[in-house]
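These are my notebook entries on one structure, kept in the order in which I looked things up. The sequence and the coordinates come before the notes.

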Amino acid sequence: LQIQRGFCITFVPSLLRFMSTKILPTGKELADGFMEFVRTTRDPDQVHIITFDGRWRVLRQGRRRATASLETKEAAIAVAKELPNVSKIIVHGRDGSLDKEIRVRV
Amino acid sequence: MDIRKVFINCPFDNAYFPLLKSILFTILYCDKEPLIAITNDSGEHRLAKLVRMMKSASYSIHDISRVGLSGKNRLPRMNMPFECGVDFGLRYSDTDPYHLKKFLILDSEPHRYKRVISDISGHDIMAHNDEPVLAMKSVRDWLKPTAPNIPLHLIIWDDYNEFRLENGKYLERIGYDPDDMKSLPIADLIFLMGKWIRENRNTVI
């Protein structure tokens with residue numbers, strides 16, 4: 001009986017933990033899913049605010065050249081809001097990650 | 001020794017992760033293949049694996065910015081300077097073709113290396129000030145002679161910002177933590193970066 005109890009105490013929680021573990025995609029499956037995600041979610045009407053060399057650049061999605069380069073983040077956001085056909089402003093942090101997302105009424 | 005391979009010797013922790021990501025992205029953008037000790041979990045002895053990677057790469061990046069005292073025991077992290085020394089030993093062993101190896105040394109502040117490891121003077125030593133964009137510029141400028149069509153780091157930085165946004169959102173959606181180094185395997189991150197760059201980079205390197 002003690003052996004059975006010991007088995008249940010050690011084995012059952014591990015089994016439950018294992019069963020609740022989500023199997024996340026890796027390798028090719030992960031990469032294919034990512035490219036599909038990019039294709040379906042990328043918004044041509046979004047504008048990026050990117051910090052570079054002490055200034056804040058306003059860059060339309062898919063463009064190589066910045067629309068404006070300003071001294072402050074707030075000024076860059078204000079310029080982005082005035083641009084035509086802008087649905088979303090993406091403000092990036094100093095490490096390139098997403099800092100904040102601003103929805104714009106068209 | 002392969003001129004497309006770049007060996008990276010750097011800290012593996014979440015504080016350094018943003019810098020590592022920008023370095024990996026730049027290497028892939030310059031059409032090179034990054035080699036990093038945690039990408040290959042074959043069970044091989046760590047030092048043997050590192051030496052094998054050093055021998056196979058024509059280029060090496062050694063980041064010594066975290067050499068100072070750290071952790072609750074205030075002990076120095078010796079792995080980076082040790083691995084840097086092993087690679088320099090290979091470079092100066094007068095063995096063909098390792099004498100052709102090229103090194104980039106990254107540090108947090110300019111000239112700090114002179115106080116901790118002055119013997120490396122004369123090599124390419126750049127300071128990134130813990131800023132991913134400066135780490136990117138250092139790596140891009142260092143690799144520039146290998147491929148004349150590498151764009152300005154401004155272009156690579158813009159693309160990297162877009163990649164970070166899309167990659168972060170995607171990983172969160174499927175259950176990974178994009179800011180935790182232990183969440184998604186580095187090999188998978190490299191694979192995602194490479195795929196994104198191939199589909200989005202306008203320049204032929």
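**Conventions.** I am working on a predicted model, in which local features need pLDDT of at least 70 and side-chain atom pairs count only at pLDDT 80 or more, while totals for chains, interfaces and linings use all residues. Residues are numbered from 1 along each chain as its sequence is written, chains are lettered from A and ligands numbered from 1 in the order in which they are written, and side-chain values use heavy atoms, with hydrogens and water left out.

**Interface.** I began with contacts (heavy atoms within 4.5 Å) and found 37 residues of chain A touching 35 residues of chain B. For the buried area, I took the accessible area (1.4 Å probe) that two parts lose on being put together, summed over both. Chain A and chain B bury about 3,100 Å² between them, with 60% of it on carbon and sulfur atoms. On the chain A side, Phe34(A), Phe37(A) and Arg64(A) lose the most area to chain B, and together they make up 23% of what that side buries.

**Aromatic pairs.** I then searched the whole structure for ring pairs, using the rings of Phe, Tyr and Trp (its six-membered ring) with centres within 6.5 Å, where planes under 30 degrees apart count as stacked, over 60 as edge-to-face and the rest as tilted. The search gives 12 aromatic pairs over all chains. One of them is Phe34(A) with Phe163(B), whose centres are 5.9 Å apart and whose planes meet at 85°, so I noted the pair as edge-to-face. This pair crosses between chains, from helix 2 (residues 27–41) of chain A to helix 6 (residues 153–174) of chain B; helices here are DSSP runs of H or I with at least four residues, and strands are runs of E with at least two, both numbered from the N terminus. Phe34(A) is buried at 0%, and Phe163(B) is buried at 0%.

**Charges over rings.** My criterion was NZ of Lys or CZ of Arg within 6 Å of the ring centre and within 35 degrees of the ring normal. Arg201(B) lies over the face of Tyr29(B), at 5.7 Å from the ring centre, and the charged end of Arg91(B) sits over the ring of Tyr92(B), 4.7 Å from its centre.

**Sheet of chain A.** Five strands of chain A form an open sheet in the order 3-2-1-4-5, with mixed pairing, where two strands pair if DSSP finds at least two bridges between them. Strand 3 (68–70) and strand 5 (98–103) are the edge strands, each pairing on one side only. Strand 1 (residues 46–52) pairs with strand 2 (residues 55–60) in the antiparallel sense over six bridges, and with strand 4 in the parallel sense over four bridges. I noted individual partners as well: His48(A) is bridged to Leu59(A), Ile50(A) stands opposite Arg57(A), and Gln46(A) has Lys88(A) as its bridge partner in strand 4. In the hairpin of strands 1 and 2, which has two residues between the strands, Asp53(A) takes a positive phi near 55°.

Seven of the seven residues of strand 1 of chain A are buried, so this strand is largely enclosed by the rest of the structure.

Residues up to four places away in sequence aside, Glu162(B) touches Arg42(A), His48(A), Gln61(A), His92(A) and Trp196(B).

**Sheet of chain B.** Five strands of chain B form an open sheet in the order 2-1-3-6-7, with parallel pairing.

Terms used:
Buried means under 20% relative accessible area, exposed over 50%, partly exposed in between (1.4 Å probe, protein chains only).
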